[in-house]
Each structure stands twice: as structure tokens, then as C-alpha cells.
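Trainee: Please take me through one part of this model up close, and start with how you decide that two residues touch.

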Amino acid sequence: MKTRILALFLILGLVLSLAACGGSTSTTAAAGGDQAATTAAPAGDTGEKVKLTFGIWDSYQKPGMEALAAAYTAKNPNVSIEVQVTGWDEYWTKLEAAASGGELPDIFWMHTNEFVKYASNNMLVDVTNLYDGATDAGYSNFPEGLVKNFTYDGKLYGVPKDWDTIGLAYNKEIFDQAGVKYPDDTWTWDTLVEAAKTIKEKTGIYGFAAPYDDQQGFLNTVYQAGGFTVADGKTGYNSDATKMGLAYYISLQKDYDFSPTQEQFADADAGTLFQSGQVAMQFLGSWNITPYMNNEDIKGKFDIAILPKATNPVSGEGRASIYNGLAYATSTKGKNQAAALEFLKFLGTKEANIIHGESGAAIPAFNGTSETWLTKFPELNLKAYTDMMDYGIQFPGSKTKSKWGPIEKQTIMEVYNGTLTVDEAVAKLETEVGAILATE
Amino acid sequence: MTTLQNTVKRPHAPIPVGKLVLYAVLLAGAVTMLVPFLWMILTSFKSVGESIRVPPTILPAKWITVNYKEVISTLPMFNLYSNTILLIFFRILLASIFSSMAGYAFAKLRFPGRNLMFGLVLAQNMLPAQIFIIPQYLMLAKMNALNSMFALVFPGLVSAFGTFFLRQTYMSLPDDLGEAARIDGCNQWQTFYRIMLPLTKTALMALAVFTAVFAYGDLMWPLIANTDLNKMTLASGLSVLRGQFTTKYPLLMAGSVLAMLPMIVLYSAFQRQFVEGIALTGTKA
Amino acid sequence: MTSTHIAQVKRASRLSHDAGWGYLMVAPTILGLIILNIYPFFHSIYMSFSETMLFGNWEWVGLDNYRKMFSDPNMWRATGNTLYFVLLTVPLGIFLALAFASMLNSQIKGRDGLRAIYFLPMIVAPAAIAMVWKWLYNTEYGLINQFLGLFGADVKINWISNPKLALPAAAIVAIWSSIGYDIILLLAGLQAIPRSYYEAADIDGANFISKFFHITVPMVSPTMFFVLIMRLMAALKQFDLVYMMITDTNPAFQQSQTLMYMFYRESFQVGNKGYASALVLWTFVIILAFTAIQFVGQKKWVHYDQ
């Protein structure tokens, strides 16, 4: 009995002391749920207090999103915005549940993988005409590919937020140790292989990390060779160019000893290995820059170059980099739609994009504002990423991607496992993915 | 008689080999149980780079406390603690009351449809929790009860696990006790409440522990049912520390260590009850 | 004769009296189960016969999902993996739990502290557990390979990326993390055994083994039965651990994906909730079969004190 009371006091004391240090992060009270605040008036834009919820999935970008919210509420003091972070693994389950129940956040991030699902089911508000009549805003200010990504049935359902490209990250210290010159824009596929080999021979450290990866991996080399996987409802797996690109990327792991094997990647992924100085180069998406710079192990030791070009592309120049982008969207069933749309409109302005870029969260989508992102880490050659946008290829997707995506992954994994050859794999993909695309 | 005399004459008998082996095995097991716990603590004092470094280090090169500071300032720890404790409290209360009654009835009473109903209880245990999430969410949405303590408690209003467990417990209590009580004039309820229920103290303690641990570790449900960070539990609150592609592990570990403290204190305090429970349930007719 | 007549009347009235209380006492639980769990279950069954278009829109496709499922090699592999997982975790897990519970029930110093330590894995963050074990199993630097390397040449076993070893490796972690639960349950059962039984056996000169098999095992068998059923169901529903340790780009993935892992991917990643529901039904049938066998078999070894 005594120990129980003691325990309760201990817990109470602990809890109270933590309350002294920390405390609540939200300013809204209302024990009876948030219903009271948000159901006040259907379109609260006449100076009444409105609270908007803003759903995101990356805690690294929270400060950036909060900066945007602060800038907006400074000019619109009757609105308060709460940024809610949900871990990536749970974000989509939560969003889906919320969508089914009509409880979506007022504004939320949307990803190309999931976009069609939501747009085709009337979950997102049509924002095609959001900027009608605005002078210096409007969708012509965003890369065409991004706008296309969030268009469904001719209508636009999201305001582009950012774009990311793939670059070549390299560890300067290891290069110095091996006496190899840093990557530059003369590099080709062959140069990459030679450099990786030299590094492995001279230092014993892995030269290049080539794990199974689509966006940061084989899709880049496939397009560099002049091929394509899925575009405009058609498959392009079974072409010489695609086979060349795919075979090259897989060979980096399987035909040489300068890359860890797929088994080793299961123990520690490419990012972990690179940040621990265990591998000299990797294809790296621009979204990794802030986390990498947060890691004092690798900070200052690495830099970025543009991706090497294909030595003998079947068609085209031999350069490509996969890009993708997120968008902001709002729900058709939101209770504060008018206020949400105002905030959404703000997010797509040049001013907002500059704030976004300066926060370093991601490369802002508004044309001409991407330079602001470059200022976040001036010691890095981040220009490589923006340069790659000139050769940018939109990350392949379609309405049924959630069905053929896993098939693509499983089939290509079988090449890594040795149960299929590249030729067999692309033939299989051509048939199976083609069948799924035909249903669209 | 002789043995008694022997023990009196030789108070310091040598420890038998069997006991040594016992200790060795228990200690070895204990070490493996402790390793992740120690890992959590050590990682919480490391820098981000060091925490994911390959090859891994054991002791931090430099002990830093910034992770704890950041967790406390980023997350509303007080609310997370109180929500979790309240949730555990309500779930234990509900599980104990309803499951005791149902468990007793399934074990000791006969009524038509009993086996069918118990089958329903078993069936629920056989299903994966994921299929309940969205339907239960929708029910709450309709009731406009999302984002509240009620929403958190909702899936635990009844406990199929508890019912099954207590049914087994009651089945191991002799029927004669019930008979004796009946002869003395008790009705079923009194038999249950006065005689049988007190004998299940240890089992109830075990059930409380399980309910607590499950409620404590449940990540998905509070995340989905409650959107306000201040209304979440510790497990779900900590999950927002995960990035899409990388996680600041030291931060997550610092949060997890802080989250464990109440559970450890609670357990240590109630462990006494466990041990004392023997005395009451040990002796039987 | 009169006495049996009275007994019959008494029994009849007691039966109806029983029934009244019976229904009353199970009512809250059964009601709750029907609303919270059985209704979603029927919803799942219905969904398994449809192709879901998300957010509540679906169309009936009859047995299509089932046809697809039974001709899907991935599903059969997942079934095999799941059954293999049961084989790996249940017998060994229960044996170890009973052994440790008995040890922790005996008169030893520091018993309370030891019990608390065995309880720890239950409250350690799952992320921490996954991280630590992945590190222990690491091919190059993991403690396990380093320890084995002490006995000879360098050991470089790919614990979680070798298709033959990945599932057993996960099974070890599963046993390790759930032994705390089982120990607590078994302790509750062990402590219900009256000391007098053991004392009587001691007087008769019984040794440890004989006491264990003639007193401990029979008396704790109802609890053991419960632990067996729960372990069985948990093993057949296994998802979290395998999901955290073995991703779909791991060469060992096909040999490790369990039925519930497949369900998760189909339901939340592919978005095909109809097919996913069929998988749940299939898993349920398997669990039902196993459970039924156990319930029938319990008569052979479970000893309910009368």
C-alpha cells in the first residue's frame, strides 16, 4: 500500500517537473474537442477567429512550414494555423481514415503516388481557377511537369509546393585519399565505373552505392540511355534503350566489387553507409540535403555533382534526372474551406515560395525562386540539383501505379536475386504492367 | 525428524549446483533482456551521426543532453503522460469489470448460447487489429467523438483477451466453492462477487499489466483517432519525430526513455501485489 | 426418489436462475464485441467479395478475389512462411517461458529485480528493439557474428538477408520480446498451486523433475493452454516485427513475408482492400483450424481442477 502511494507521488512529481520544463505546444484549449472552434461559421472570413490545421509528414520541414504559417497569419491575424506532423508510415493511413470520415486537415501535403486516388474520388478541391485575375501569380509560374502531375481530368487539384531532383553525392575525403579527381560535368557512365574501381583498389572503401532504387536509381539511367518505363499509358520496358539503362545500373552492384551487395544494404542502407564514410558515392535526391547536413559525421565532407551522362545513349543527349514534387491540397469536405483556400492561394505566391526556399525545407516550385534554397548551404554545390532540372524527367506514375509499382519492384528484385535476367525481367514487365495500364 | 535436526545443526549448507545453474541461466537471460534498454539510453546521449554510424559505437564519444531538451520543448510531454495514464486507467477499469463478469459466466454458469457467445470472444482474438481501425474510426466520426479521451478508450471498452483469460482462470477454481456458497444461500452474483472474484487477484493483476502495456504501446489508433498532438499518447506522440527518409534516432530514443519512466515506476510499485497475491490464492480448500 | 425429484426441481430452477445472471454478466462484453469487432468483421467478409475503389466505393465481384488469391504464388509462399514461423516460435517460446517462470517462482535472491528485468522488453520502444537486433545481427559488426567468430575463423552469417535465416532470426526476436508476457501469465498460474502439494511430495521424497511433471505441469495446464492459444494466434498474425526488420528490397523478403505483412501491403500500399480482406479471411480460417484442434486436444492434457 505504501509503495503504491509512493509510486503515484513519484509519477506525479515527474510529470509536474516535466510540465515546468515543457508544456503544451498548442494554444487552443477546448477540452471538448476542436469541434467548437471549427464549426462556428461555415465560411469564417469576416474577422472571426478561424483555426486551420496543416498536415505534413516530415519533421525536418516543420520549421519551414511554420515560417509560412507565421507569414500568413501576420497579415491575417484572425487566422491561426497549426502544423501537424505525422510520421510518413502513418500519414497515408491516417489521411485515408480522415477522408472516409470527412475529417481531413484543412491543408495537407499531397504526393504524386497518392494523388490520383484522392482526386478521382472527389476528395480534393478543384483549384484550377484559384489565381484567375491575379497579376503575378498563376500556374504558368511552375514547371509544366509539376502542374501536370496534379491535374486530373483536365482540372488542377493541388498547388505545387516543391520539386526535387537527383544528383551525385561524393565524399571529398575519400576521393582525396584515393587521389581521384572530383566528379564534374564531363563524367560519363564509364568515368563513374573507373573512379569507383580506383577508389576501391586504393583505399578499400566502397566506391559507389548501387542499391535497388527507382527514383534514386535505375530510372535515371534508363532515361539517360533514351528509354522509358511507363509514360502516357504505355510501357517501354522492352526496348534496347531501357534494357541498356537498367542493365548498367544493376551491373554497378553485381558485376563489380565496388558496391555493397543487396544483402549488405539490408543490414545498413545506402544513406547510412554514405553518412558513415563507408562508401564514396551515391545517387542522392535533394530532399536528403538537410538531414545529411544535420549529421556532423558527414557535414563538410561531401559535395554534389550532376549525374554522369550515358556514354552511348540509344537516343538523346544521355542526360536525365528524375524529378518529383509535392503539392498542397485542401479537402472538399473541410469546414473552413474559404479560409483554407485563402491560405492555399498564399502558398502558391512568389513571396511564400521565397520563404519556403530560405527555410531550406525543399526546393520551392515557383520559377525563379529555387535560388533561395541554394543559399541555405552555400558551402555545397547545390546548383547541381537545379541544373539537373533542365534534364528533368517526371517520376513515372499513373492512375494504377499502386498496382504496377509493386510488380515492377518485385520483378527487378528478382534480377538482383539472380532468378531472372534483365531480358526476362523487362519482357515480363512489358506484359504484366501493360495489362494493368490497359485497364485505365 | 532427522532432517529437521540436520537443518538446525547445519545452518550454512553449501549451495547446491542446481541453484548455481539456475542463477547463471536467469542472469544470462536477464542480460539479453537489458541490452535494448541500455541501447536506448546510450543512443539518447549520442549525436545523430554517431547513432547511425557503421560500425556502431557502444558508449557515446561525447555525452550530450540536447536530445532530451529538444524532446521536452518539441512535444507536450505533460499532456502525453496524462493522456496515457488516463487511458491506461480507464482501460484497466473497463477490462477488469466486464471481463471478470463475462469470464465467470462463461466458466461457471450454464445458459443457452453460451458456447456460441464464447466463440465470438475467441473469434475476435483471431482477427488482426488492422481491420478494426477504419470501421471504429468511422463510428466515432459519426458520433462526433473524435479527438477525445473517449476516442482513445473506445476500442478497449470491452476486452476479448481479458474475457478469455479470466474464463480460463475461473475454470481452474473448484466448483465446490460455488456449491458451498449456494448452500449457504448466496445467489450467483453473490457467489461471484464475494467468493470467486477475490480469488482471481493475481490474474487480475496480470490482466492489468497486459492492458496497461498494450494501451501504452498502441501507436496507430491514437494517431488516427486524435489529430491534436496534445491529445495523443506517448507512443503516438513520439512517432511524429520520424522523418520520411531519415529519423533523428537520438531524439526518438530520448523520448522513448522519458516515456518509459512511468511504466517502470508503476510496475515496481505493483509488483508487490503480485507477490502478495500468492498468499491469498495459494491456499485452497 | 423424492430427494431426486427435489434435486431435479432445484437443478431446473437453478438453470434458469443461472441463465438470467449469465446473460446479464456477459451482456456488456458481448454487446461491445458485436459493435466494435464483429460488425467490422462482417464488413471485411463483405469486402472480400468486392473490388474496393477506396473511400467506401466498391463493386461486387463475387469469388474473383478468392480465385486470384488461391492462384497467387506469393500468397502460398506467405502461408508457408507464416506456418513456418509458428513452428519456430510456439513450441520453443512456451517451453522457455515455462522454464523461466518456474525459475522465477522459486526461492532465489533478487527475484523481484529479475522479474522486473524480464518485463522490460514489453515497454521498450519497438523502434529501439528493431534497431538493436538489426545491429546484433549485422553481418560485419554484429555482436552475434563476433561472438561466434571467437570459436574459430571469421563468421559472416547474413542473418537477416539470407532467405533461409531471415525468418528464424525474426523468430528469435519474437520469442525474446514476448517471453515477458508469457512469464507473467504463467507466474499467475504457478502461484495458484498450493504449496502444500509440493510439501507433500517432498515428504514422499520426490525430486525436482518428478515434482515438475506430476504437480507443476498439470496444475498450470489451464494457464499453459491459454498461453498456447495466444502464442499460436499471435504467431499466425505476425506482422510488426517482420515489417520492421525485413523490407521488400531485402533479398530474403519472399521467404519472410507473412500473411499479415502481405495484407498490410495489399490494403494500405496497393490499396486493394477487397483482396486484402480475402487474405484476412484466409488467415482467419487457418487460425480457426489451429484453435479448434487445440480446443479438442485440450481434453488430453489440460487438467481443470474439479
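Mentor: Two residues are in contact if their C-beta atoms, placed from the backbone, lie within 7 Å. By that rule, in chain B, 74% of the contacts with a separation of 6 or more are between residues 24 or more positions apart. The model is predicted, with pLDDT of at least 70 needed for local features and 80 or more for side-chain atom pairs, while totals for chains, interfaces and linings use all residues. Residues are numbered from 1 along each chain as written, with chains lettered from A and ligands numbered from 1 in written order.

Now for our close look: helix 10 (residues 240–254) and helix 19 (residues 422–438), both of chain A, pack with their axes 10 Å apart and at an angle of about 130°. Helices here are DSSP runs (H or I, at least four residues), numbered from the N terminus. Axes are lines fitted to C-alpha atoms over the stretch in contact, with angles from 0 to 180 degrees between N-to-C directions.

On the side of helix 10 of chain A, the meeting residues are Thr242(A), Lys243(A), Leu246(A), Ala247(A) and Ile250(A). Facing them from helix 19 of chain A are Val422(A), Asp423(A) and Val426(A). Sorted by class, this contact holds five nonpolar, one polar and two charged residues (Ala, Val, Leu, Ile, Met, Phe, Trp, Tyr, Cys and Pro are nonpolar; Asp, Glu, Lys and Arg charged; the others polar).

Notes. Helix = DSSP H or I, 4+ residues; strand = E, 2+ residues; numbered from the N terminus.
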